[in-house]
Amino acid sequence: MSSHDAYYIIESNRYCEKAGMNPHEVSRPKHFLNEQEIAAKRLEYSEILSVVRFFSNKLLNSLKGTPILVVVSDANGYLLEIEGDETIKGMIEQFGIKPGSLFVLEDTGTNVISLALQQKHPISIIGSQHYHTFLHEIACYGTAFHYTDDDNILGSVSIMMPIQFQNPLFLTMLTQSVDSIERELLLRKQNRKLNIMNQIMLSRTRNGIVITDEKGITTEFNQFAQEISNNRREDVIGRNIMDSPITGDYFKEVIEHGKIFTNEEIQFTNDDGKHLVCLFDAQPIYEGDKMIGAFGQFRDISDRYFLQEKFNYLAYHDDLTGLPNRRFINEEIQNIIKDMENGRNRTLALIFIDLDRFKAINDNFSHSYGDILLKKVSERLSGCLGEQDVLARMGGDEFIFLLKDFDNPDYVTAKAEEVLNLFNESFYIGNDELHTTASIGVALYPDYPISMEKLMIYADNAMYQAKKQGKNRYNVYTSELFEGQEEDYKLDMDLRKAIEHEEFVLHYQPQVHSTTGKLVGMEALIRWQHPTLGLLHPDKFIRLAEENGLINQIGKWVINEACTQSKKWQTAGLQPLKISVNLSTQQFLTKDLVAFMKETLRRTGLDPHYLVVEITEYMAMEYEYSLKVLQQLKKLGIGISIDDFGTGYSSLTYLHNFPIDFIKIDKSFVMEIAHGPQNAFIVKAIITLAHNLQMQVIAEGVETKDQLDFLIDQHCDVVQGFYFSKPLPADEFESTYLQNK
């Protein structure tokens, strides 16, 4: 159990420990439903299970080839269904995990079913987060599902797999499936209520209503039924509905067998020659226990049906943006590939778009802001659709352009460039100005046959490569682009263990007053002492940390370690110095940053006067948020430095209004001072601007005496770089710069 685990996992494992459970013994369910009870429970849940089964099968199909199980429970934790990999299913049955078994914390310890039902939100339990060791090779993701109109919990859906297949994306996929399940359950529940109301409000409904007696004789045929069928009411009343060539068979099943039909799609041509598509419901009408007739209703969906080319709107379109969804795009791609395989001359390409920094915006400005931003992005993307192009939302902050039947491959790259440029302008939500960019992957269908899944993977991989190269760009898939990708995956897995194994260290680079040569500060820089690759600099792993979500955890470690070391030196009577630490964009945008900084200073005892945080110009793009956070940090007494100045979003507005103490000139300008007057002029202008704003200037990357002399001539305040010293481990920095000073 790790202190970084979710609180509910920690609490659950503590309960198991206090209850005296042996973590090395298999914990089996102790309560089971018998066959009659299981049958009764499944009958009670029949409608719910049919909905869950539909979407869970879709989930299993989308993950075909991955050994997983989908497990469904009722609201009490009784397993109702287990579907998926037969090998895993057979293995878990020996532990008593089978339909009818009850999963509760008291019997089975920490498990995904109990926690999903208790927390009522998506959860994951990975490997050793389980209390019992026999589950340490299993990754579990689960969430409860409800009737969303009254928050009445109905049960849970979980997926389980060997730990080597774990991926946070599975939790996203599961959550999206459960969202669809809840929407469908709510729709069915509302339809049942609507059926009852329709019996009372026949004249007000906009559906066609047919009511019969117990023998099938039509007793009611409302106005909209007349309009849909083009039959007069007086010609229908008194006739036996079972004689109807359109609905007769349905009503026969209802009247003779009590069957219920919901959303049956029927097509027919009315007496006016108009072809119609309707959704048809039918059910028996009871008075007490006696059937007294049948009720049927038609909903004309002809316009919608033909407009969407016979695709059901809810199944093939995204609820939030109204765009086609992943299913729609997948079928379109498969149809085009099938045409190609049949000899048709067609072209096909995908442009996969992922928004940069969307999670930070969503987390810090609320999910409603995130939804509005996604709508605005979809509107902007829709504006550059070509005549043959299709735009879809794939889920989350991912969009895709399907380009088809273009004449020249240059059209594809030009379209990718056009999409990239759409994000040059800000998005405005209320009074807030939001900036986001996009990472784009491009994949063209090759000259040889490949599957839809393979083409999608090519585009997705190209997009991730664009993120790795710095975001806000596009990459076209080539096989050469991904050489060495396995090494990246291995390094990513090692990084997840680095904090736990205490493999990170800090090195310290001195900051020197330019004219006196006096040591005035130091910058703390992280290094990774990899067990096999040796000492790694941040350019080898920070990008991976940003992508896999570890950057906040690593950033907090850096701040804590730097403050602890600085206070340790001061307590030992050594020269007190300002220590600078870098904040990542994700860390700066987390809501608990100020509280964390305050607590760290309290715990370590470091005077905030000696701490400087470095942010980049890119972070300042969220102006209102950045101003508020920087003012709070400044109120604590912490110094503020703008790092890499001149390479990002430079704005006199934030320089004037933000409580900035230091401007740090990017080393790229310093290193080029001697290579042309333009770079020297830029450095001189930055120093002049900073001094006019009452800020100090730090120049990093100083490597030569000529560079130092130029900076002294321009009255730069502080310098750092290899000319003075490379970053040093704590003991070397102490012996070189702090002792005997």
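Modeller: Cysteine 563 is buried, at 1% relative accessible area. Buried means under 20% relative accessible area, exposed over 50%, and partly exposed in between (1.4 Å probe, protein chains only). This is a predicted model: local features need pLDDT of at least 70 and side-chain atom pairs pLDDT 80 or more, while totals for chains, interfaces and linings use all residues. Residues are numbered from 1 along each chain as its sequence is written, and side-chain values use heavy atoms, with hydrogens and water left out.

Stay with cysteines for a moment. The structure holds zero disulfides (cysteine sulfur pairs within 2.5 Å). Cysteine 140 is therefore in no disulfide; the nearest cysteine sulfur belongs to cysteine 16, 14 Å away. Cysteine 140 is buried too, with a relative accessible area of 4%.

Now the sheet. Five strands make an open sheet, ordered E7-E6-E10-E9-E8, with antiparallel pairing. Strands E7 (218-221) and E8 (261-269) are the edges, and each pairs on one side only. From one strand to the next, the twist averages 25°. Two terms need their rules. Strands (E, at least two residues) and helices (H or I, at least four) are DSSP runs, numbered from the N terminus. Two strands pair if DSSP finds at least two bridges between them. E8 and strand E9 (residues 275-287) run antiparallel and are joined by seven bridges. Phenylalanine 268 has leucine 276, in E9, as its bridge partner. Helix H10 (residues 248-257) packs on the sheet and touches strand E6 (208-213), E8, E9 and strand E10 (290-300). Contact here means heavy atoms within 4.5 Å. The direction of H10 makes about 150° with that of E10. Axes are lines fitted to C-alpha atoms, for helices over the stretch in contact, and angles run from 0 to 180 degrees between N-to-C directions.

Tyrosine 250 lies in helix H10 and phenylalanine 280 in strand E9, so the pair ties together parts 30 residues apart in sequence. The rule covers rings of Phe, Tyr and Trp (its six-membered ring): they pair if their centres lie within 6.5 Å, and planes under 30 degrees apart count as stacked, over 60 as edge-to-face and the rest as tilted. Both partners are buried: tyrosine 250 at 19% and phenylalanine 280 at 0%. One aromatic cluster holds Tyr250, Phe251, Phe261, Phe280 and Phe298.

Last, the nonpolar cores. A core is a set of buried Ala, Val, Leu, Ile, Met, Phe, Trp, Tyr and Cys residues joined through side-chain atoms within 4.5 Å. The largest has 108 residues, and Leu381, Leu633, Leu711 and Phe733 have the most contacts inside it. Helix H20 (residues 551-571) gives the largest share of this core, seven residues. Leucine 711 touches Val670, Ile673, Val683 and Ile687, among others, not counting residues up to four places away in sequence. A second, separate core of 28 residues includes Leu80, Tyr141, Val157 and Val178.
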